[in-house]
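Here are some brief comments on the model, as requested.

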Amino acid sequence: MNEIVLQTENLTKKYGVYTVLDNVSIRLERNHIYGFIGENGAGKSTFMKIITGLTYSTSGTYSIMGKESTHDREKMRRYIGSMIEDPALYPNYTIFQNLELQRTLVGNPDKSISDKVLEIVDLSEVKNKKVHTLSMGMKQRLSIAMALVGNPQILILDEPINGLDPKNIVALRNLLQKLNEEKNITIFISSHILSELYLLATDYIFIHKGKIIDVITHSELEAKCRKYICIKTDAVPVALTVLDKTMDSPEYKVVSEDTIHLYSDMENMEKISRAFMQNGIVIKELSVMEQTLEDYFMEITGGVNHV
């Protein structure tokens, strides 16, 4: 059985009558990369802040590496490295000075650790550059380096991809995979760029309106991602009527005001096209596609109108 590095039980956070987290229970296993997925306001950042000690839960418990949150929280959180929202960087200090300050703050006596993590994030050659001169990609790598100076078992990252160009996104993905594979670090990462999480994560945890609605592995997701015919038209109601009349029990879902996903009748594309034409329906797109992580998220949350 895989080791559980983080577990929560009915974790709840309320602000007055407003519930941000609603009885959230999850467990993270060692060496996995978890994509934490949800719309703005779903509770992702609040959950991460509770685990990292930036705020408190209203009720519920959690444990890190088997240590309960009701006991020594300071010792427990030494297992965690995190980057939540905008990291606290000193702009007029160098990269190395920022790391040394962080090392002192987390209480790591190993004076060689700053140089070690700089090597990992590929910033050794520029360690004497001041932070205000760095690009966005270099700042993100520095932020991850600061999360690593305590030798964490778990790395918690809240939207680390935001603002990065494609080249830096690939570099960050490679870095996180390296940390996971070579340093055996469990990674818990949120992002709105679901295509990137699909390439990175081994598991996905979906949160919607403060509740966990699904937990799925990458292989399970691939098995569930079905092929479908994407139909785009400005006459969706009429198109649905035509499908119902033309096909035998068509299986479809309206995913937006101009888009239908048809999960049946893949072999009947020509028949479908001809039926639309005969009924005067202008089709903007008719193509076979496969569900993405984004499609799956939209499906389990009820589509655009429910996000």
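1. F206 and F297 are both buried. This is a predicted model, and the points below should be read with that in mind.

2. The structure holds 7 aromatic pairs. In the pair of F206 and F297, the ring centres are 6.3 Å apart and the planes meet at 15°; planes under 30 degrees apart count as stacked, so this pair is stacked. F206 belongs to strand β10 (residues 203-208) and F297 to helix α11 (residues 293-301), so the contact ties together parts that are 91 residues apart in sequence.

3. Two further points concern aromatic rings. One aromatic cluster is formed by F36, F47 and F188. At F96, the charged end of K127 sits over the ring, 4.8 Å from its centre.

4. The largest pocket has a volume of about 840 Å³. It is lined by 26 residues, and S82, Q102, L105, V106 and M146 are the closest to its centre. β7 (80-83), α3 (95-106) and α5 (136-148) each contribute at least two lining residues, and α3 gives the largest share, with 5 residues. By class, this lining consists of 13 nonpolar, 9 polar and 4 charged residues.

5. For the second largest pocket, the volume is about 250 Å³. Its lining has 13 residues, with E85, D86, P87, M136 and Q140 nearest the centre. Here the largest share, 4 residues, comes from α5. The lining of this second largest pocket divides into 5 nonpolar, 3 polar and 5 charged residues.

Definitions and conventions:
Residues numbered from 1 in each chain as written. Predicted model: local features only at pLDDT ≥ 70, side-chain atom pairs only at ≥ 80, totals over all residues. Heavy atoms only, no water. 1 Å grid on protein atoms, 1.4 Å probe; cavity = no way out; pocket = protein on both sides within 12 Å on 5 of 7 lines; lining within 4 Å. Points joined across faces, edges and corners; volume = space filled by probe spheres on them. Nonpolar A, V, L, I, M, F, W, Y, C, P; charged D, E, K, R; others polar. Phe/Tyr/Trp six-rings, centres within 6.5 Å; stacked < 30°, edge-to-face > 60°. Buried < 20%, exposed > 50% of the residue type's maximum accessible area, 1.4 Å probe, protein only. Lys NZ or Arg CZ within 6 Å of the ring centre and 35° of its normal.
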